[in-house]
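Biologist: Before we discuss how the terms are applied, please show me the sequence and the structure.

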Amino acid sequence: MPKRVDHEERRAQITEALVRVAGRRGLHAVGMREVAAEAGVSLRLVQYYFETKEKLLLHGLQWLTTRLSSRIADRVRAAGEAPGPRAVIEAVLLEALPTDEESRAFHLVHTAYAVLAVTDEALAAQPFIDGPNAAEDALGDQLERAREAGLTPPGLEVRTEAISLLALSAGLGTSVLVGQRTPEAATAILRHHLDRLFPNES
């Protein structure tokens with residue numbers, strides 16, 4: 001009896017291979033043939049599941065977003081049974097830093113997607129900024145909770161602070177990636193800013 005193929009598992013296998021190759025060589029250098037070799041499958045199979053390189057890249061972007069969300073959820077759960085706004089915000093910001101092999105690959109490849117989305121019509125047509133916008137909304141909601149609970153300074157501009165924190169995290173992530181500072185130094189800087197926003201919890 002022939003073995004039943006799990007199509008979602010096979011698609012995930014190919015997508016993870018894409019991310020690994022992109023992490024080593026850069027997204028611009030990724031081809032379907034290289035992804036097939038990395039995944040240990042035939043080129044025909046990659047084409048069967050994704051048809052074109054553009055569709056493969058779009059699926060890769062969705063996979064990165066889903067994987068990051070999963071890692072953030074794990075970090076939030078590790079913070080305790082009912083983590084407060086600061087713990088949730090810290091989980092989001094710290095998970096975006098390249099502190100291990102997977103998060104380094106995420107930061108590298110996601111940055112490459114951002115650059116490619118400027119010039120690639122297929123990626124530009126995809127709502128690339130939906131992920132960042134959702135992150136701003138999530139942090140804004142947490143900051144609003146904190147403000148209503150009196151945990152932040154009076155007059156806090158919630159949206160501005162949410163955008164600023166995410167921009168800071170992204171910039172620090174890049175500085176770690178290129179060796180300008182260590183993950184520990186970047187973490188300390190993020191926590192310094194959170195101490196300013198949550199003076200009663202520092």
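Modeller: The side chain of Ser 103 reaches the backbone nitrogen of Thr 99 at 2.9 Å. Please bear in mind that this is a predicted model.

Biologist: What makes the approach of the Ser 103 side chain to the backbone nitrogen of Thr 99 a polar contact?

Modeller: The cut-off for such a pair of N or O atoms is 3.5 Å, and the distance here is 2.9 Å. The side chain also reaches the backbone oxygen of Leu 97, at 3.3 Å, which is likewise within 3.5 Å.

Biologist: Why is Ser 103 called buried?

Modeller: Buried means under 20% relative accessible area. Ser 103 has 4% relative accessibility, and therefore counts as buried. The residue lies in helix 6 (residues 101-119). Leaving aside neighbours within four places in sequence, Ser 103 is in contact with Arg 71, Glu 95, Leu 97 and Pro 98.

Biologist: Arg 71 belongs to helix 4 and Glu 95 to helix 5. Why is helix 4 called oblique to helix 5?

Modeller: Helix 4 (residues 53-78) and helix 5 (residues 85-95) pack at about 135 degrees, with axes 9 Å apart. Because roughly perpendicular ends at 115 and roughly antiparallel requires over 145, helix 4 is oblique to helix 5. The crossing is right-handed.

Biologist: Which residues meet there?

Modeller: Leu 68, Arg 71, Ile 72, Arg 75 and Val 76 of helix 4 meet Val 88, Ala 91, Val 92, Leu 94 and Glu 95 of helix 5. By class, this contact has seven nonpolar, three charged and no polar residues.

Methods
Residues numbered from 1 in each chain as written. Predicted model: local features only at pLDDT ≥ 70, side-chain atom pairs only at ≥ 80, totals over all residues. Heavy atoms only, no water. Helix = DSSP H or I, 4+ residues; strand = E, 2+ residues; numbered from the N terminus. Buried < 20%, exposed > 50% of the residue type's maximum accessible area, 1.4 Å probe, protein only. Polar contact = N/O pair within 3.5 Å; in protein donor to acceptor, adjacent residues only side chain to side chain. Contact = heavy atoms within 4.5 Å. Axes fitted to C-alpha atoms, helices over the stretch in contact; angles between N-to-C directions. Parallel < 35°, antiparallel > 145°, perpendicular 65-115°, else oblique. Left-handed = near helix turned anticlockwise from the far one by under 90°. Nonpolar A, V, L, I, M, F, W, Y, C, P; charged D, E, K, R; others polar.
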